[in-house]
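Welcome! Please take a look at the sequence and the 3D view below, and then we will walk through the fold together.

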Amino acid sequence: MTPSNATGPRAAHALPSYLQADHLGPWGIFLQQVDRVTPYLGDLARWVETLKRPKRMLIVDVPILLDNGTVAHFEGYRVQHNTSRGPGKGGVRFHQDVTLSEVMALSAWMSIKNAAVNVPYGGAKGGIRVDPRQLSLGELERVTRRYTSEIGLIIGPTKDIPAPDVNTNEQVMAWMMDTYSMNVGETATGVVTGKPVDLGGSLGRRDATGRGVFTVGVEAARRIGLAVPGAAVAVQGLGNVGGVAARLFAEAGARVVAVQDHAGTVYREAGLDIPALLAHAAAHGSVAGFPGAEALASDAFWDVPCDILIPAALEQQITEANAGRLRARMVIEGANGPTTPLADDILRERGVLVLPDVIANAGGVTVSYFEWVQDFSSFFWSEEEINERLVKILKGALDTVWQVAEEHRVSLRTATFIVACHRILRARDLRGLYP
Ligand code: NAD
C-alpha cells in the first residue's frame with residue numbers, strides 16, 4: 001500500500017451537480033474522506049471515481065390514506081452506492097429530516113463498513129422523509145408497505161437487502177418482508193434483516209450493534225491501557241445502539257455518568273442506574289425527568305468529564321465547535337457519521353482516540369449477514385454461536401485497521417477507509433467494466 005498521486009482516469013468528468021451540492025453535508029463529508037485515502041490506494045486509485053458516484057438512486061413518491069380520510073404524500077429514497085463486492089445492504093430510516101444527500105452518504109458508509117468487516121455486500125441505504133411519531137400504527141404500516149412496493153424494483157434477497165435504522169424496527173421489517181413477498185408471490189425471508197426471530201430473524205440481532213460498540217470499545221481500551229471497570233462513559237442516544245452499549249458498559253463495571261436523548265440530558269457522577277433509566281425512557285419516551293439525576297442543558301453534554309464518549313444518535317454531532325471541549329480519552333462512534341472531518345483533526349491533535357463508525361457500529365450488519373445466511377440455509381444458530389462469531393469478526397477487523405493505522409501513521413478512520421477501499425476497488429478491478 002504505497003501512497004501515490006494517481007487521481008483517476010485521464011478524463012474524469014466533473015461530478016453531476018447533485019453529487020457536488022451540499023459540501024458541508026454528509027455526502028460532502030464522505031467525498032472528503034475518500035480524498036484523504038486516495039493517495040494510499042496505489043494503482044487502484046484509477047477506480048476511485050466509482051466511489052464518488054452512487055451506482056443507483058431511486059426517489060419515490062409514497063402516497064398513503066391517512067386515518068382522517070385524506071391522502072398524504074411522503075418522499076422516499078433507496079440508494080445503492082456500490083455493489084462490486086455483492087448485493088446492496090443497509091438500513092431504512094424514517095425521519096422528518098431525511099434528505100437524498102444524507103441517504104447517499106449513509107449508503108456509501110455502508111459500502112466502506114461492509115468491506116471493512118469483509119462481509120460479501122456492497123453498500124445501500126434507504127429512507128422516508130416522515131416523522132413516524134405523527135403517524136398512527138395503521139398509517140405507519142401503510143407508509144412502510146407502499147415504500148417497499150415502490151422500491152421493490154431494485155431490492156431482493158440477492159439484489160439489495162434493507163434492515164432497521166433510526167425509527168424503524170422489527171415490526172417495520174416484518175411488513176417490508178410481507179409486502180415484498182406478496183408482490184413476488186413467494187415468502188422471501190432473506191429480503192430484509194432485523195426481522196422478528198419468529199419470522200426468520202436471528203438471535204442476537206437486536207443487541208448486535210450495541211454489542212459491537214462495546215466489543216471494539218473494550219478491545220481498544222485494552223490497547224491504550226484504559227481500564228473499563230470504573231471508567232466514566234457518556235452516551236448520546238439511548239435507542240437500539242446507545243441503549244445496549246450503555247447497558248453492556250454498565251454491566252462491565254463502567255460508570256455511565258451522562259446520557260442524552262432527543263428530549264433531555266441526565267448526569268450522575270457516581271453512575272446512572274441504566275436498567276432503571278431504560279425503563280424510565282420506555283415509559284416516558286425520554287430520559288428527561290429521570291429521578292436521582294441532575295438535568296443538564298443540551299450543550300453541556302459535551303463538557304462532561306468522561307473516559308469514553310459514545311455518540312449513538314445522529315450525524316454531525318461532534319464538530320469544530322465542540323471537539324476542542326470534549327474531555328474523553330476515546331470516542332466510540334455508535335452513530336453513523338457523528339464526527340465531521342474538521343472535528344476528526346482536532347480530536348487527533350488532542351490525542352483523543354476515535355473508533356470510527358465503519359468499524360465501531362459494524363456489529364449490526366455483521367449479524368444481519370448471519371441472519372441472511374441462516375435464512376438462505378433455513379438452519380438457525382444459537383445465540384452463543386452468533387455472539388462468538390461476531391466478536392471474532394470485529395476483533396479481527398479492528399486488529400487489521402490498527403496495524404494499517406500504525407504503518408501509515410494515520411487515524412483509525414483513514415486506516416479503515418484504506419482497507420475497505422482496497423477491497424472494493426480490487427473487486428471493481430477484477431470485474432472490469434461492462435460493456
Ligand atoms: P433509535 O431510533 O433506536 O435511537 C435513536 C436515539 O437517539 C434515541 O434515544 C433518540 O432519542 C436519540 N436522539 C435523536 N435525536 C437526537 C438529538 N438531536 N440529540 C440527542 N439524541 C437524539 O436509533 P438507533 O438504531 O439506535 O440508531 C442510532 C444511530 O446508530 C444512527 O446514526 C444509526 O444510523 C446508527 N446505526 C444503527 C444501527 C442499528 O442496528 N440500529 C446499526 C449501525 C448504525
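Of the 435 residues of the protein chain, 59% count as buried, where buried means under 20% relative accessible area, exposed over 50%, and partly exposed in between (1.4 Å probe, protein chains only). This is a predicted model, in which local features need pLDDT of at least 70 and side-chain atom pairs count only at pLDDT 80 or more, while totals for chains, interfaces and linings use all residues. Residues are numbered from 1 along each chain as its sequence is written, and side-chain values use heavy atoms, with hydrogens and water left out.

**The whole chain**

- The protein chain has 13 helices and 12 strands; helices (H or I, at least four residues) and strands (E, at least two) are DSSP runs, numbered from the N terminus.
- A compact globule of 435 residues would have a radius of gyration near 22 Å, and the 21 Å of the protein chain agrees with that. This radius is taken over C-alpha atoms, and the globule rule is 2.2 Å times the number of residues to the power 0.38.
- Along its principal axes, the C-alpha trace of the protein chain spans about 60 × 60 × 45 Å.
- Among contacts with a separation of 6 or more, 69% join residues 24 or more positions apart; contact means heavy atoms within 4.5 Å.

- Seven strands form an open sheet in the order 9-8-7-6-10-11-12, with mixed pairing. Strand 9 (294–295) and strand 12 (353–355) stand at the edges with a single partner strand each, so one side of each has no neighbour in the sheet.
- Two strands pair if DSSP finds at least two bridges between them. Strand 7 (residues 255–261) and strand 8 (residues 264–267) pair in the antiparallel sense over four bridges, and Ala258 stands opposite Tyr267 in strand 8.

- Thr144 lies in helix 4 (residues 137–151) and is buried, with a relative accessible area of 0%.
- Leaving out residues up to four places away in sequence, Thr144 touches Phe94, Val172, Trp175 and Met176.
- The buried residues of helix 5 include Val172, Trp175 and Met176, and its buried residues pack against strand 3 (88–95), helix 4 and strand 5 (160–164).
- The end C-alpha atoms of helix 5 (residues 170–184) are 21 Å apart, which agrees with the 21 Å that its 15 residues should span at 1.5 Å a residue. The expected span is 1.5 Å times one less than the number of residues.
- Helix 5 is followed by Gly185, which has a positive phi near 80°.

**Helix 12**

- Helix 12 (residues 383–408) has 26 residues and reaches 38 Å from its first C-alpha to its last, close to the 38 Å expected.
- Its buried residues include Ile386, Leu390, Leu394, Ala397 and Val401. An α-helix has 3.6 residues a turn, so residues three or four places apart point the same way.
- The partners of the buried residues of helix 12 include helix 3 (100–116), helix 6 (205–223), strand 12 and helix 13 (412–431).
- Just after helix 12, Arg409 takes a positive phi of about 50°.

**A buried loop residue**

- Where is Leu41 placed? Leu41 is in the loop between helix 2 (26–37) and strand 1 (56–65).
- Leu41 counts as buried, at 2% relative accessibility.
- Not counting residues up to four places away in sequence, Leu41 touches Val48, Ile418, Cys421, His422 and Leu425.
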